[in-house]
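Here are my notes on this predicted model. Please read them with the structure open.

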Amino acid sequence: MNPASQDEAAQTAITRHRLSTRGAHNFAHRDVWGPREKTMANPWSPGNPDGTVILRLAENSLLHEEVAEFIKAQMTVLPIEHLTYSTGPRGSRRLRRAAASFLTEEFQAREPVTADNLFITPGLASAIDAVAWSICDEGDGILIPQPLYNGFNFDTLNRSNARVVGVPYEGIEGFSELEDLFDPDVNQRALEGALRKAQNDGITVRALLISNPHNPLGRCYPPETLREFAAFCGRHRLHFISDEIYAKSVFDNPAMPAPTPFVSTLALDFGDVIDPTLLHVLYGASKDFCANGLRLGFVATKNEGILGAMSSISMFSWASHVIQDAWAAMLDDREWMNNFMAKKTRLMVENYNIVTSFFREHGISYCESNAGLFIWIDLRRLLLPKSSQADHSQLKVTSPEADMYKQREMTTADICAKNGVMIAPGNVYVPEEFGWFRITFTVGKGALQEGLNRFLESLAEVEAETYRVQ
Ligand SMILES: Cc1ncc(COP(=O)(O)O)c(C=O)c1O
C-alpha cells in the first residue's frame with residue numbers, strides 16, 4: 001500500500017470511528033491480531049480433521065497437558081495479598097525472587113540477579129514494547145541483525161513509533177553463508193556499517209536488539225560475538241537488549257557436529273566494554289514453558305531509569321499476580337522443572353527428526369538447527385524458473401525482480417493456507433533474499449504429520465503454478 005492510500009484508510013477510520021490520528025493509523029495498518037483471530041479459530045485436531053494445521057507460529061504444544069496439570073495441582077493464591085494491588089505493576093515479589101534465582105542458576109549469571117533488577121510483564125512482546133517506549137523517541141531506531149523475528153517490528157513500532165533498522169550482511173567482508181551471520185568480525189563490520197547508514201539517513205539509533213537463540217535461524221551466538229555486540233554498544237553508548245526467550249529450547253542435533261551451545265549474556269563479563277546499566281536481558285514463559293497463553297515475561301536490568309519509566313506505563317498492562325503465582329511455582333519446583341525440560345527436549349528431538357527426515361525424503365532443503373521451535377527451509381528453487389535454478393542473485397531483495405519473487409513467496413504461503421497448513425513466508429523476517437520459509441516443528445505428532453502431508457501437496461501445486469506462469 002502506498003503512503004497516500006494508507007493515509008486515506010486512516011482518514012476514513014478517523015471520520016467513521018472518531019479515532020485519534022494515532023488510533024486510526026494503528027486500526028487501519030497495524031492490527032495484527034484482528035484478522036489473525038479469524039484464521040486461527042479453527043485449529044486441526046484429531047476430532048477436527050478439517051481444521052487448519054498452524055506451523056506458522058512459534059508455539060511449543062508438546063507439553064501443554066503437563067503445564068495444565070501442574071497449574072491445576074499447584075494453583076493457589078500465594079501470598080493472599082495477591083488479591084490486592086500487592087506490590088504493584090513491577091511484578092510480585094514471589095515471581096521476581098523465583099525468576100532471579102532461576103536466572104542466576106540456569107543462565108549461570110556472573111553476578112547474582114536480584115528481584116529488584118527484574119520487571120515482570122504480560123509476555124515478552126509487552127516487555128519489548130515497554131523497553132522501546134522507555135528508550136526511544138518517535139522515529140528513533142533499534143538495530144536488529146537480519147533476518148529478524150517479525151514481532152520486533154510490531155513491538156517497537158505499534159505504540160512507540162520507534163523503527164527497526166535491519167542490519168544487512170550482504171556485501172560485508174567475510175559473509176557468504178548462514179554460519180557467517182554468527183561470526184564476531186562479520187557482525188562487527190555489519191553493525192558499524194548499519195549504524196553509519198542510519199546516521200546518514202538522519203535516524204537516531206538507541207539500541208541493538210538480538211534474539212539469542214536466533215529466531216528464525218534456530219542457532220545460538222557464540223560468546224565472542226556477544227562480546228562484539230556489547231563492545232559495539234559500549235563504543236556508541238547504545239542499549240544492548242538480548243532477548244533470550246528460547247534459552248531452554250536448545251537440543252542435540254547429530255547433524256551439527258560442533259553446535260554453538262547457548263550462553264547467556266548474563267554469564268559473560270562485559271565490564272570492560274559496556275556500562276552494565278546499558279545491558280538488558282529479556283526472558284519469558286511462552287516458549288520454554290510451552291505456555292504462550294500464560295502471557296508472562298520479564299526484563300532483567302540494572303537501569304533504574306528504565307525500571308521507573310516502565311513502571312509508569314505498566315499500570316495499564318500489569319500481569320495478574322495470581323497468574324504470576326503459577327509461573328513462580330514452576331520456577332520454584334526445580335525437580336518438576338528439570339524433568340519437564342528433559343522430557344520436552346526429548347520430544348523436540350523426536351519431532352525435529354520426523355520433520356527433517358521428511359524433508360530429506362522429499363528433496364526439501366533446510367538449515368540444520370539446534371535451538372528454537374522452527375526450521376528455516378529453502379524453497380528458492382520453487383520461485384525460480386527451471387532455466388535459471390542456480391542463479392540466486394535474482395532472489396536478492398535488491399534485485400530488480402524482487403517484488404515478483406516476494407509475491408511468489410506470499411503465493412506459496414497462501415496455497416499452503418488454502419490447503420489447510422499455515423507456514424511463515426520468509427519475507428516477514430526481513431531477509432536479504434526471497435525463497436525462505438519458517439516451519440514450526442513443535443506441534444503434536446498427529447498435527448505435524450497432517451501438516452507435512454498438506455505442505456507437500458501444496459508444494460506440488462506451487463510447482464505447477466510457478467512453472468506455468470514463466
Ligand atoms: C524472539 C521472540 N521474542 C519475543 C516473542 C514474544 O513472546 P511473548 O509470547 O512472550 O510475547 C517471541 C514470540 O514468538 C519471539 O520469538
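**Notes on helices, core and domains**

1. Start with the buried face of helix 8. Its buried residues are V186, N187, A190, L191, A194, L195 and A198. These residues span an arc of only 155° around the axis, so they sit on the same side of helix 8. On the other side, R196 and N200 are exposed.

2. What do the buried residues of helix 8 pack against? Their partners are strand 3 (141–145), strand 4 (163–167), strand 5 (205–211) and helix 9 (223–236).

3. The geometry of helix 8 can be checked by its length. The helix covers residues 184–200, 17 residues in total. From first C-alpha to last it reaches 24 Å, close to the 24 Å expected at 1.5 Å a residue. After helix 8 comes G202, with a positive phi near 85°.

4. The buried set is L124, S126, A127, I128, D129, A130, V131, A132, W133, S134 and I135. Note that D129 is in that buried set.

5. Next, the nonpolar core. The largest one has 130 residues. I142, L208, F240 and I423 have the most contacts inside it. Helix 6 (residues 124–135) gives the most to this core, 8 residues. Domain 1 and domain 2 both contribute residues, so the core lies between them.

6. Which residues does I423 touch, leaving aside those up to four places away in sequence? They are L55, R56, A413, C416, F437, I439 and F455. R56 is worth a look in that list.

7. Now the domains. The assignment gives domain 1 as 32–59 + 345–469, and domain 2 as 74–332. The C-alpha centres of the two domains lie 27 Å apart.

8. How many residues of domain 1 are in contact with domain 2? There are 25, and they meet 30 residues of domain 2. On the domain 1 side, helix 12 (334–361) and strand 10 (374–378) each supply at least two residues. Helix 12 provides the largest share, 4 residues. By class, that side of domain 1 has 15 nonpolar, 5 polar and 5 charged residues.

Key:
Residues numbered from 1 in each chain as written. Predicted model: local features only at pLDDT ≥ 70, side-chain atom pairs only at ≥ 80, totals over all residues. Core = buried A, V, L, I, M, F, W, Y, C linked by C-beta atoms within 7 Å. Buried ≥ 20, exposed ≤ 12 C-beta atoms within 10 Å, placed from the backbone. Domains from an automatic or database assignment. Contact = placed C-beta atoms within 7 Å. Expected span 1.5 Å × (residues − 1). Arc of directions from axis to C-beta. Nonpolar A, V, L, I, M, F, W, Y, C, P; charged D, E, K, R; others polar.
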